[in-house]
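Please keep the sequence and the model at hand.

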Amino acid sequence: MIIGYARTSTIEQVAGFEAQLKELETAHCEKIFREQVSSVAHRAQLQAALEFVRQGDLLVATKLDRLARSVADLMAIIQALDSKQVGLRVLNLGMDTQTPTGKLMLAVLGGVAQFEREMMLERQREGIAKAKAEGKYRGRKPVSTDKRDRVLQLATSGMTKVQMARELQIGQATVYRILANTAPKPRQNP
């Protein structure tokens with residue numbers, strides 16, 4: 001079965017939405033999932049399409065940016081499709097993962113995504129090292145002594161860690177960390 005997916009960011013994009021639907025119909029899509037939401041919002045119809053597809057099906061989108069937010073998002077979608085043995089066709093690229101050329105394009109996209117991620121992490125590490133060298137990087141602001149003392153008081157009163165975090169408006173991990181750092185250290189036998 002050929003399944004289509006159409007998306008625009010806003011409901012005002014009527015012409016673009018209608019053009020996508022027409023292209024998907026021309027591509028012989030038997031069922032079309034459609035939504036008009038920002039790519040950063042939850043895309044319920046995309047999720048529904050990914051759940052609907054079955055082995056041997058083909059998911060069709062008119063453009064990559066209508067389907068995925070980023071290369072990493074695209075790779076996650078393709079992985080979900082691959083796990084179900086479903087192909088992907090992107091009309092404006094002529095890419096079809098059911099063909100050898102489409103698989104090659106996918107591998108190249110995956111390599112570019114990995115390279116992009118590694119370069120971003122390298123720049124981030126360099127920026128942190130530079131900021132540390134200049135004395136500008138100090139990390140997260142420590143929890144105040146008052147809050148630390150209050151965590152210890154509340155812990156002895158029997159309050160749960162979740163309740164303490166809510167009461168003091170700090171993260172649960174912070175409560176755990178404070179309690180772990182102030183817990184009596186086990187004695188070591190000589």
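The points below concern a helix, a loop residue and a pocket.

The model is predicted, so local features need pLDDT of at least 70 and side-chain atom pairs count only at pLDDT 80 or more, while totals for chains, interfaces and linings use all residues. Residues are numbered from 1 along each chain as its sequence is written, and side-chain values use heavy atoms, with hydrogens and water left out.

**Helix H6**
- Helix H6 covers residues 145–156, twelve residues in total; helices are DSSP runs of H or I with at least four residues, numbered from the N terminus.
- From first C-alpha to last, H6 reaches 17 Å, close to the expected 16 Å, which is 1.5 Å times one less than the number of residues.
- Gly-158 follows H6 and has a positive phi, near 95 degrees.

**Tyr-137**
- Tyr-137 lies in the loop between helix H5 (100–133) and H6.
- The relative accessible area of Tyr-137 is 40%, which makes this residue partly exposed (between buried, under 20%, and exposed, over 50%, with a 1.4 Å probe and protein chains only).
- Leaving aside neighbours within four places in sequence, Tyr-137 is in contact with Ile-128, Ala-131 and Lys-132 (contact means heavy atoms within 4.5 Å).
- Gly-127 is ten residues from Tyr-137 in sequence, and their C-alpha atoms are 9.6 Å apart.

**Lining of the pocket**
- Helix H8 (residues 172–182) contributes the most to the lining of the largest pocket, with four residues.

Terms used:
Helix = DSSP H or I, 4+ residues; strand = E, 2+ residues; numbered from the N terminus.
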